[in-house]
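Please have a look at it first.

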Amino acid sequence: MTGGGSRAEVLRRVREALGGSRGTSPPVPRGYDRALSEADAATRADVVALFTERVAANRAAVRHVSADELGTAVAAALWGREAKQIVVPADLPYGWLAELDGVRALADAPALDAEALGAVDGVVTGCAAAVARTGTVVLDGGRAQGRRALTAVPGYHLCVVHADQIVGTVPEAVGRLDPSRPLTWISGPSATHAIEMVPVEGAHGPLHLEVLVVED
């Protein structure tokens, strides 16, 4: 379909939607898979494994740890980045940072300004949900996640994902989320081709994403 034809088709669908009968919805010309097929993931362990595979394919680092190892794993990740100062949501669980030594953690309470956020070496957060098919983590500003600026300004984001937060598909994740909350969907380090199709990394988020999958 040509560019003009595509535009005409979009406008036709808009007119149909606006002029349709009350209580009815226009057909959506997409066949979304509501869940993973058995070929993709026959067991719960397969869903988690697929998430790990897709996160790595998105150019993010990913590791599996036990709940007992989480504090040590967070510290090791930050030491590996040679981080000296990080920012964390004010309600981040204390145990996640219990093993830190030589790394200063700033709680975002009161809220730090952009200059302060830009000066830290990274941020540690949790998430609201994660999607195996796309290797995506979703933040909604809830517990252990903080406000959106925390993960938009620092150049490194360490995200803790509990295995029971991982679902197979985007529709499953949407079903778990509150659409009234500020949702941020993260699939790998920040990158864009928006300006003349030139790739730019870190334009609207961290250059480096690392995910710790916690097997509870």
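Predicted model: local features only at pLDDT ≥ 70, side-chain atom pairs only at ≥ 80, totals over all residues.

What you see in the protein chain is six helices and twelve strands, where helices (H or I, at least four residues) and strands (E, at least two) are DSSP runs numbered from the N terminus. Residues are numbered from 1 along each chain as its sequence is written, and side-chain values use heavy atoms, with hydrogens and water left out.

Of the 216 residues in the protein chain, 39% are buried, that is, under 20% relative accessible area, with exposed meaning over 50% and partly exposed in between (1.4 Å probe, protein chains only).

How many disulfides does the structure hold? There are zero, a disulfide being a pair of cysteine sulfur atoms within 2.5 Å. For C127, the closest cysteine sulfur is in C159, and because it lies 4.7 Å away, it is too far for a bond. C127 counts as buried because its relative accessibility is 6%, and C159 counts as buried at 0%.

Turning to helix α1, which spans residues 3-19, we find V14 there. V14 counts as partly exposed, because its relative accessibility is 41%.
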